[in-house]
Amino acid sequence: MITQKISGGVVHELPKDLKKALLEDESAIERWQDLTPLARNEWICWVVSTAKPETRKNHVERTVTELLEGKRRPCCWIGCIHRKDKPISKSVQGILKKR
């Protein structure tokens with residue numbers, strides 16, 4: 001098993017379940033490390049923002065799969081709403097109001 005340090009995101013630290021899944025595939029780690037901190041943050045936020053454990057497990061698995069497919073950001077994700085370094089964009093505010 002690979003034991004190197006794996007980078008987190010802008011706001012979010014890398015959660016243990018996602019780190020474990022990435023450690024199982026060296027190619028996944030390489031693709032993860034090649035992402036910008038903001039892109040890593042969006043994947044992490046997409047994982048940790050789920051309400052149900054089974055959804056979170058699915059997002060962890062999909063993160064690894066989609067990284068290996070070449071995706072650099074989660075599909076259809078509005079972005080991390082936890083960032084405090086910038087205001088939420090008007091487009092994201094509109095999406096959040098509809099929820």
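Ser27, Ala28, Arg31 and Trp32 in helix 2 meet Thr63, Val64, Leu67 and Leu68 in helix 4, where meeting, or contact, is taken as heavy atoms within 4.5 Å. Sorted by class, this contact of helix 2 with helix 4 holds five nonpolar, two polar and one charged residues; Ala, Val, Leu, Ile, Met, Phe, Trp, Tyr, Cys and Pro count as nonpolar, Asp, Glu, Lys and Arg as charged, and the others, Gly among them, as polar. The axes of the two helices, helix 2 and helix 4, come within 9 Å and cross at roughly 80 degrees. Axes here are lines fitted to C-alpha atoms, for helices over the stretch in contact, with angles running from 0 to 180 degrees between N-to-C directions. Helix 2 and helix 4 are therefore roughly perpendicular to each other (65 to 115 degrees; under 35 is roughly parallel, over 145 roughly antiparallel and the rest oblique).

The model is a predicted one, so local features need pLDDT of at least 70 and side-chain atom pairs count only at pLDDT 80 or more, while totals for chains, interfaces and linings use all residues. Residues are numbered from 1 along each chain as its sequence is written, and side-chain values use heavy atoms, with hydrogens and water left out.

As for the overall layout, the protein has five helices and zero strands, and its elements run α-α-α-α-α from the N terminus on. Helices (H or I, at least four residues) and strands (E, at least two) are DSSP runs, numbered from the N terminus. Of the 99 residues, 35% count as buried, which is to say under 20% relative accessible area, with exposed being over 50% and partly exposed in between (1.4 Å probe, protein chains only). Among contacts between residues at least 6 apart in sequence, 67% join residues at least 24 apart.

Helix 4 also has helix 1 as a partner. The axes of helix 1 (residues 16-23) and helix 4 come within 10 Å and cross at roughly 35 degrees. On the helix 1 side, the contact is made by Asp17, Leu18, Ala21 and Leu22, and on the helix 4 side by Arg56, Val60, Thr63, Val64 and Leu67. These residues divide into six nonpolar, one polar and two charged. Within helix 1, Leu18, Ala21, Leu22 and Leu23 are buried, and the buried residues of this helix pack against helix 2 (26-34), helix 3 (37-48) and helix 4.

Threonine 63 turns up in both of these contacts. It sits in helix 4 (residues 53-68) and is buried, with a relative accessible area of 0%. Leaving out residues up to four places away in sequence, threonine 63 touches Leu18, Trp32, Trp43, Trp46 and Val47.

Of the 18 residues in the largest nonpolar core, Ile6, Leu14, Leu18, Leu22 and Trp32 touch the most other members. Such a core is a set of buried Ala, Val, Leu, Ile, Met, Phe, Trp, Tyr and Cys residues joined through side-chain atoms within 4.5 Å. Helix 1, helix 2, helix 3 and helix 4 each supply at least two residues of it, and helix 3 gives the most, with five residues.

Aspartate 34, in helix 2, counts as exposed at 52% relative accessibility. Aspartate 34 and serine 7 are 27 residues apart in sequence and 9.9 Å apart in space, C-alpha to C-alpha.
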